[in-house]
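This report describes a few selected parts of one structure. The sequence and the model are shown first.

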Amino acid sequence: MTYGIIGTGAIGGYYGARLAQSGQEVHFLLHRDYEYVKANGLQVDSCDGSFHLDHPHVYNDTHDMPQCDVVLVGLKSIANDKLRDLLPPLLHERTLVILIQNGIGVEQDVEAMFPGIQLATGLAFICSAKTEPGRVNHQCYGQINLGNYSCRDEALVQQVIGDFNAAGVKAGHIEYEEARWKKAVWNMPFNGMTVAMHAQTDELLRHPATRQLIREQMMEVITAAQHLGVKNIDASFADLMIQMTDEMTPYSPSMRLDYDFHRPMEIHYLYSRPLQIAREAGCPMPQLEMLEAELRFLDDRNR
């Protein structure tokens, strides 16, 4: 299959590079480091084995790219309005667009832009960063699960899962709502708390007070998800996420990096949208509502 990558950063760059390394035809859209990667290639420094793509297919305009069977969107969700212009040149009638983005509600809004589009969500559990041109630093984990949102051909979703596994990326299938809310169990506490407390993940879990607070915030998400009818999510999932975070390399999530580099933070889909959904369902998340207010203050002051 032909893959397109919109947002060749820490996430899109890593997964796209793995697919390209395995022999898939992958076309990368770049912005700031287009000239660098065109001249020097793309480097992935990975805990699972580093590698270099000498001559990747790179572009700075989607109008120069071919139509793709699968498009992986790794843009920050705050830039999704750009998809109106970026996506159409890549689409044919069967193209599957996979949103590997943080938060809840992104698929609904992209579908409103492109009625009839085939969408899936990518639930990535990975520690990865891109802080210099043409270099992705993959620190640990890396698995991805796909949730079918509106793809009419389930075999296409399964083929993508197979391509990921063949590329050395552990991948599987998960129900859409379960995928989004399970990702929120980790994202909502850790993204915001690393900003508000100016700390990495290991520091938050090392101190008893913040460790307890993180778990309470996770349980707010789990309780809201259960109230909304999401399956296969309970307190044991919070314990699993804390255990996995204990074992991972000390990490600054994407929101913390955005804050540190004075970029807008993904507050809407990571916090405001799920908090609104939970309130409307009669199951508010007060601790996370307080964290959202703190993040909005910090975001405004940081610009």
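## Helix 6 and helix 11

W181, N187, M188, N191 and G192 of helix 6 meet L270, Y271, P274, L275 and I277 of helix 11; contact means heavy atoms within 4.5 Å.

## Basis of the model

The model is predicted: local features need pLDDT of at least 70 and side-chain atom pairs 80 or more, while totals for chains, interfaces and linings use all residues. Residues are numbered from 1 along each chain as its sequence is written, and side-chain values use heavy atoms, without hydrogens and water.

## Helix 11

Helix 11 takes in residues 267-280; helices are DSSP runs of H or I with at least four residues, and strands are E runs of at least two, numbered from the N terminus. Its buried residues include Y269, L270 and Y271, where buried means under 20% relative accessible area (1.4 Å probe, protein chains only). Among the elements covering the buried residues of helix 11 are helix 4 (106-113) and helix 12 (286-302). G282, which follows helix 11, has a positive phi near 80°.

## Q43

Q43 lies in strand 3 (residues 42-46). Q43 is buried, because its relative accessible area is 16%. Leaving out residues up to four places away in sequence, Q43 touches S50, F51, H52, G134, R135 and V136.

Notes. Expected span 1.5 Å × (residues − 1). Buried < 20%, exposed > 50% of the residue type's maximum accessible area, 1.4 Å probe, protein only.
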